[in-house]
Amino acid sequence: MSPAGFRIQLSDRAHAQRAAMKPGSRDALDAGMRRLAASPYGLGSEQAPGRPQTKDRRVVSFPDAIVLHRVHADVLVITAVDIIH
């Protein structure tokens, strides 16, 4: 678990997308995800559009990326599903 509370994990797809980012953008993404771990429903994150509609399927924007993620509050995990950069 991260010191902030929630643990961050990446799907295989998000991991590959993160690896394809420029180093500075990747560092900014990592910093944003650490902040998100402290407040998974905060930082301007919103319920993601589409189906299924659930408060735990979220999207958040960082300076160089948009991250679709799921919050698993019962196990204190945030899974990044897709990273658009």
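**View 1. L76 is found in the loop between β4 and β5.** Helices (H or I, at least four residues) and strands (E, at least two) are DSSP runs, numbered from the N terminus. The phi of L76 is near 55°, a positive value in a residue other than glycine. With a relative accessible area of 32%, L76 is partly exposed; buried denotes under 20% relative accessible area, exposed over 50%, and partly exposed in between (1.4 Å probe, protein chains only). This is a predicted model, in which local features need pLDDT of at least 70 and side-chain atom pairs count only at pLDDT 80 or more, while totals for chains, interfaces and linings use all residues. Residues are numbered from 1 along each chain as its sequence is written, and side-chain values use heavy atoms, with hydrogens and water left out.

**View 2. L43 lies in the loop between α2 and β2 (46-47).** Although L43 is not a glycine, its phi is positive, at about 60°. L43 counts as partly exposed, at 41% relative accessibility.

**View 3. T79 is placed in strand β5 (residues 77-84).** The residue T79 is buried, its relative accessible area being 12%. Leaving aside residues up to four places away in sequence, T79 touches Q9, S11, L68, H69, R70 and H72, where contact means heavy atoms within 4.5 Å.

**View 4. Five strands form an open sheet with mixed pairing, in the order β1-β5-β4-β3-β2.** The edge strands, β1 (7-10) and β2, each pair on one side only; two strands pair if DSSP finds at least two bridges between them. Six bridges join β3 and β4 in the antiparallel sense. R57 has R70 in β4 as its bridge partner. Helix α1 (residues 12-19) packs on the sheet and touches β1 and β5, its direction making about 55° with that of β5. Helix α2 also packs on the sheet, touching β1, β3, β4 and β5, and its direction makes about 135° with that of β3. Axes are lines fitted to C-alpha atoms, for helices over the stretch in contact, and angles run from 0 to 180 degrees between N-to-C directions.

**View 5. The largest nonpolar core has 15 residues.** Such a core is a set of buried Ala, Val, Leu, Ile, Met, Phe, Trp, Tyr and Cys residues joined through side-chain atoms within 4.5 Å. Those with the most contacts inside this core are L29, M33, F62, V67 and I83. At least two core residues come from each of α2 (23-38), β3 (57-62), β4 (65-72) and β5; α2 gives the largest share, four residues. F62 touches L29, G32, M33, R35 and V67, not counting residues up to four places away in sequence.
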